[in-house]
Amino acid sequence: MTAPTSAAPAGPGRSRVASAAPSGAAGSLAARASAAFPAADAEERTRDRVLNAVLEHGPISAAELGDLLGFTPAAVRRHLDHLSRDGVIEVKRATRAGAGAGRPARRYVLSSQGQSTLGNDYLDIAALALQRLGEMAGPEAVRQFAVERFGDMERRYAPEIDAAGPDITARAQALSAALSRDGFVASTASIEAKAPLPAALSSVQLCQGHCPIQQLAAQFPVFCDVETDVFSRLVGVDVRRLSTLARGGHVCTTHIPTGRPAAVGAPSPEGTGNPDEVSNHLQERP
């Protein structure tokens with residue numbers, strides 16, 4: 001007798017979590033289920049598109065989502081209400097510059113629960129292992145683990161960012177592209193200094209909409225600190241973290257000054273890192 005097949009319920013972040021394609025009897029059952037409920041499957045795919053758009057572009061309003069995805073206001077709000085009930089998105093009330101007086105607009109971002117939905121099955125095990133490592137070998141051992149982890153990122157990204165040349169903005173954009181390919185949903189925004197402020201105060205804000213190790217970084221802030229050090233070496237200037245997902249921000253935001261040329265011959269990650277230095281977590285929950 002063949003055992004009944006139990007299918008895991010499709011969560012809101014289903015499209016971003018890799019899974020093996022069903023085969024054999026399971027594949028046949030899945031095909032029949034999909035054929036039997038095409039409307040429900042299409043609805044879930046549409047909801048995934050809304051979720052992914054909030055992840056990539058949030059904070060974003062319902063009207064902006066409709067324009068971006070080509071959906072009617074009623075359709076967008078139906079999916080937003082469903083995602084809100086599931087707890088994977090939340091509302092941020094914000095007043096846009098130049099909008100005048102009135103109620104702040106409702107803008108949507110991924111919630112902490114939504115971030116954790118996007119594939120963190122092994123983070124609990126990793127957190128326990130790092131906790132034991134810290135207890136047995138001290139905090140410097142945990143920091144060294146983070147240095148080695150981000151050292152691989154630095155070695156992979158460095159040739160691409162160096163190819164962008166000495167311009168800081170171009171290097172920040174190259175870093176953003178590399179991060180996006182690794183699933184960090186990164187973007188950059190240039191901020192030009194207005195007179196009477198000197199042009200040297202111009203900057204780029206690098207934002208990361210997703211952090212694969214958010215839960216881990218919340219328990220071990222050294223991961224954010226080491227990542228910030230890597231960004232600084234890659235772009236060639238001192239950078240500062242303004243917010244992180246691990247500390248409750250809706251994105252990780254890094255301030256990159258662009259008013260001076262990139263430094264050449266930045267030190268390697270093995271030569272940096274003082275466990276007694278102040279954390280780069282300068283932000284508060286927005």
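This is a predicted model: local features need pLDDT of at least 70, side-chain atom pairs count only at pLDDT 80 or more; totals for chains, interfaces and linings use all residues.

Student: Which residues in α4 are buried, then?

Tutor: Ala 75, Val 76, His 79, Leu 80 and Leu 83. Looking down the axis of α4, the buried residues stay within an arc of 130°, so they line one face of the helix.

Student: How far apart are the end C-alpha atoms of α4?

Tutor: They are 20 Å apart. The helix covers residues 73-86, and its 14 residues at 1.5 Å a residue should span 20 Å, which agrees.

Student: And what comes just after α4?

Tutor: Gly 87, with a positive phi of about 85°.

Student: Switching topic. Is Leu 179 buried or exposed?

Tutor: Leu 179 counts as buried because its relative accessibility is 0%. Leu 179 sits in helix α8, residues 168-181.

Student: What is Leu 179 in contact with, leaving aside its neighbours within four places in sequence?

Tutor: Met 153, Tyr 157, Phe 184, Val 185, Ala 186, Leu 206, Gln 208 and Phe 231. Tyr 157 is 22 residues from Leu 179 along the chain, and their C-alpha atoms are separated by 8.7 Å.

Student: Now the whole protein. How many helices and strands?

Tutor: Ten helices and six strands. The protein has 286 residues, and 38% of them are buried.

Student: What about contacts between residues at least 6 apart in sequence?

Tutor: Of those, 63% join residues at least 24 apart.

Technical notes: Residues are numbered from 1 along each chain as its sequence is written. Side-chain values use heavy atoms; hydrogens and water are left out. Helices (H or I, at least four residues) and strands (E, at least two) are DSSP runs, numbered from the N terminus. Buried means under 20% relative accessible area, exposed over 50%, partly exposed in between (1.4 Å probe, protein chains only). Contact means heavy atoms within 4.5 Å. The expected span of a helix is 1.5 Å times one less than its number of residues. The arc is that of the directions from the helix axis to the C-beta atoms.
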